[in-house]
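Visitor: I'd like a close look at one helix here, please. Could you start with how covered it is, and then show me what the rest of the chain is doing?

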Amino acid sequence: MFFFDPMYFVFALPALVFALYATWKVRSTYGKYAQVANATGLTGADTARRLLDVAGLYNVRIERVPGELTDHYDPRGKVLRLSDSNYSSYSVAAIGVTAHEVGHAIQDATAYAPMRLRQGFVPVAGIGSNLGYILFIIGLFTQLTGLATIGLILFSGAAVFAAVTLPVEFNASSRAMALLDQNGLVTPQDHGMARKVLDAAALTYVAGLAQALAQVLYFAFLLSGMRRSED
Ligand SMILES: [Zn+2]
């Protein structure tokens, strides 16, 4: 009954549609501006090294990783990893994404509070939400409201994590645009195009939060049904 509950779709469908739209939006925007050469003639890797050095982050290494949009900054290893499609690309999209990852490296170096919070939350959110999910399902089938409530609270960790991710990502993108401007790496036209790529990427994090919240709300709805049947 649980897996075929039509109410599940009432909660999950809007967020799913939004997530699909966000994925399409980032792919198409990135795809478009990955074809446009940037005005500096610098690759993603060149841009990363230049911006990291300007920030005094000589210790941060740059590595190449396979895939598309797999770019990320690793705060533990102090490594900025650029995807195949950005590492040696001269595109506007490549320098935009690269500057965003440098933004994360600067957040790390300056102990930016939301990033610290997010880092601290990684293990808690992972274990909490998986355990919470299991406890909730057990609570639901055994009609133990208390257990289901604990499960729901733990499970909400995933949504809190998705919420904490937002300021970290938005801040990295605004740092990225400032870095590109201050270092003369973008013309006004390139600025606009890089911004579009980063805005599209940000949308996927908003969609992630919407999906996590939809799941929590659906579970809360099931829990309220259990409570009502108890009365
Ligand atoms: Zn990011």
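Guide: Let's take α4, which is mostly covered: 16 of its 18 residues are buried (that is, 20 or more other C-beta atoms, placed from the backbone, within 10 Å of a residue's own; 12 or fewer is exposed, in between is partly exposed). Keep in mind that this is a predicted model, where local features need pLDDT of at least 70 and side-chain atom pairs count only at pLDDT 80 or more, while totals for chains, interfaces and linings use all residues. Residue numbers start from 1 along each chain as its sequence is written.

Helix α4 covers residues 92–109 and reaches 26 Å from its first C-alpha to its last, close to the 26 Å expected for its 18 residues (1.5 Å times one less than the number of residues). Just after α4, A111 takes a positive phi of about 50°.

Now for the surroundings. The protein has eight helices and three strands (DSSP runs numbered from the N terminus: H or I of at least four residues, E of at least two). Reading from the N terminus, the order is α-α-β-β-β-α-α-α-α-α-α.

The three strands make an open sheet, ordered β1-β3-β2, with mixed pairing (to pair, two strands need at least two DSSP bridges). β1 (61–65) and β2 (72–74) sit at the edges with a single partner strand each, so one side of each has no neighbour in the sheet. From one strand to the next, the twist averages 25°. β1 and β3 (residues 79–83) run parallel and are joined by five bridges; in that pair, R61 stands opposite V79 of β3. Helix α2 (residues 44–54) packs on this sheet, where α2 touches β1 and β3 and its direction makes about 160° with that of β3 (axes are lines fitted to C-alpha atoms, for helices over the stretch in contact, with angles from 0 to 180 degrees between N-to-C directions).

Further along come two helix pairs. The axes of α5 (residues 113–142) and α7 (residues 157–182) come within 8 Å and cross at roughly 155°, so α5 and α7 are roughly antiparallel (over 145 degrees; under 35 is roughly parallel, 65 to 115 roughly perpendicular and the rest oblique). Among the residues making that contact are P114, L117, F121, V124 and G128 of α5, and G157, V160, F161, V164 and V168 of α7 (contact is C-beta atoms, placed from the backbone, within 7 Å).

In the other pair, α6 (residues 145–155) and α8 (residues 188–230) pack at about 165° with axes 10 Å apart, and are therefore roughly antiparallel too. Here T145, A148, T149, L152 and F155 of α6 meet V216, F219, A220, L223, M226, R227 and E230 of α8.

Y21 sits in helix α1 (residues 6–33) and counts as partly exposed because it has 13 C-beta neighbours inside 10 Å. Y21 is 182 residues from L203 in sequence, yet their C-alpha atoms are 9.1 Å apart in space.

Zooming out, 73% of the contacts between residues at least 6 apart in sequence join residues at least 24 apart. Of the 231 residues of the protein, 38% count as buried, and the C-alpha atoms fill a box of roughly 70 × 35 × 25 Å along the principal axes.

Notes:
Contact = placed C-beta atoms within 7 Å.
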